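Here's a quick briefing to read with the structure open beside it. Have a look at the fold, then work through the points below.

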Amino acid sequence: MKKAGPTRTTRRRFWVDPRFVIGFVLVVASIAGVGAIVVGSDQTTAVYTARHTLTVGDQLRSTDLIETRVQLGVTAELYLVPASNLKRGLLVTQTILAGELVARSAVAASSGSDATSVVVDVPGRLAASIVAGSVVDIWSARATEPSEYAPPTVLVGQASVVRIVEPTGIIAADNGQSVEMLVPKTNVGAVLEAIMNGDALAIVPVNTPVGP
């Protein structure tokens with residue numbers, strides 16, 4: 001009886017089709033090229049938009065802002081970017097509507113700001129268009145004699161209304177209203193002097209909205 005000899009193990013050779021390798025390399029190169037084109041063509045800039053309406057005098061916080069990428073080109077430097085340091089505190093100096101880009105000109109540092117708020121008592125009723133955030137001119141007529149005044153002149157131009165202090169009681173409503181406004185620090189002395197002298201003050205809106 002014939003004995004069976006040792007069994008040989010047959011190993012398969014791993015063969016790679018060169019066309020597969022070339023195709024794979026081309027696909028990878030194509031993906032990398034497209035990615036480079038997309039990155040290179042992205043000209044958008046990350047800026048801040050207002051999460052909700054911000055009025056004059058508000059302290060700007062990170063929770064008030066949304067980071068948005070928009071295409072601004074050379075005008076990007078005019079807007080507040082996420083790299084800006086909000087921890088130092090920024091003060092809103094112009095009303096910023098919800099969804100609006102936050103312009104650098106609409107905010108100022110809380111400390112060292114060149115504007116401060118003062119409260120002015122205005123006789124009579126305010127114009128209906130004057131609300132928080134309105135830009136107004138403060139007019140003053142200097143008191144010369146009892147119940148006599150000099151011609152009115154602009155005391156402060158381009159002041160911003162922070163809020164309108166609601167009067168309490170019938171007498172207060174008849175006597176006028178108090179308005180808190182943001183004015184340049186250089187004008188504070190003149191405003192306080194006019195108040196102490198009993199000059200007649202009036203507030204005239206500058207940015208009156210255009211009706212339909």
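This is a predicted model: local features need pLDDT of at least 70, side-chain atom pairs count only at pLDDT 80 or more; totals for chains, interfaces and linings use all residues.

The protein chain comes to 3 helices and 12 strands.

**The chain overall**
- Of the 212 residues in the protein chain, 28% are buried.
- Take the contacts between residues at least 6 apart in sequence: 66% of them join residues at least 24 apart.

**Strand β11 and its partners**
- β11 is mostly covered, with 6 of its 8 residues buried.
- On one flank, β6 and β11 run antiparallel and are joined by 8 bridges.
- Within that pairing, V119 has E180 in β11 as its bridge partner, while V122 stands opposite Q177 in β11.
- β11 also pairs with β10, again in the antiparallel sense, over 5 bridges.
- Here V161 is the residue that stands opposite M181 in β11.

**Helix α3**
- α3 covers residues 185-196, which makes 12 residues.
- From first C-alpha to last, α3 reaches 17 Å, close to the 16 Å expected at 1.5 Å a residue.
- Which residues of α3 are buried? They are V188, V191 and A194.
- The buried residues of α3 pack against β6 (115-122), β7 (135-141), β10 (153-165), β11 (177-184) and β12 (200-205).
- Just after α3 comes G198, which takes a positive phi of about 75°.

**The nonpolar cores**
- As a rule, nonpolar side chains in soluble globular proteins tend to be buried together.
- The largest nonpolar core in this model has 18 residues.
- Which of its residues touch the most other members? That would be V120, V136, V179, M181, V183 and I203.
- β6, β7, β10, β11, α3 and β12 each supply at least two residues of this core.
- Another core, of 13 residues, lies apart from the largest one and has L54, V92, A103 and V107 among its residues.
- Leaving out residues up to four places away in sequence, V136 touches I130, V156, G157, Q158, A159, V161, M181, I203, V204, P205 and V206.

**A loop worth a look**
- S147 has its place in the loop between β8 (143-145) and β9 (148-149).
- Is S147 buried or exposed? Its relative accessibility is 71%, so S147 counts as exposed, given that the cut-off for exposed is over 50%.
- S147 and A200 are 53 residues apart in sequence, and their C-alpha atoms are 9.9 Å apart in space.

Notes. Residues are numbered from 1 along each chain as its sequence is written. Side-chain values use heavy atoms; hydrogens and water are left out. Helices (H or I, at least four residues) and strands (E, at least two) are DSSP runs, numbered from the N terminus. The expected span of a helix is 1.5 Å times one less than its number of residues. Buried means under 20% relative accessible area, exposed over 50%, partly exposed in between (1.4 Å probe, protein chains only). Contact means heavy atoms within 4.5 Å. Two strands pair if DSSP finds at least two bridges between them. A nonpolar core is a set of buried Ala, Val, Leu, Ile, Met, Phe, Trp, Tyr and Cys residues joined through side-chain atoms within 4.5 Å.
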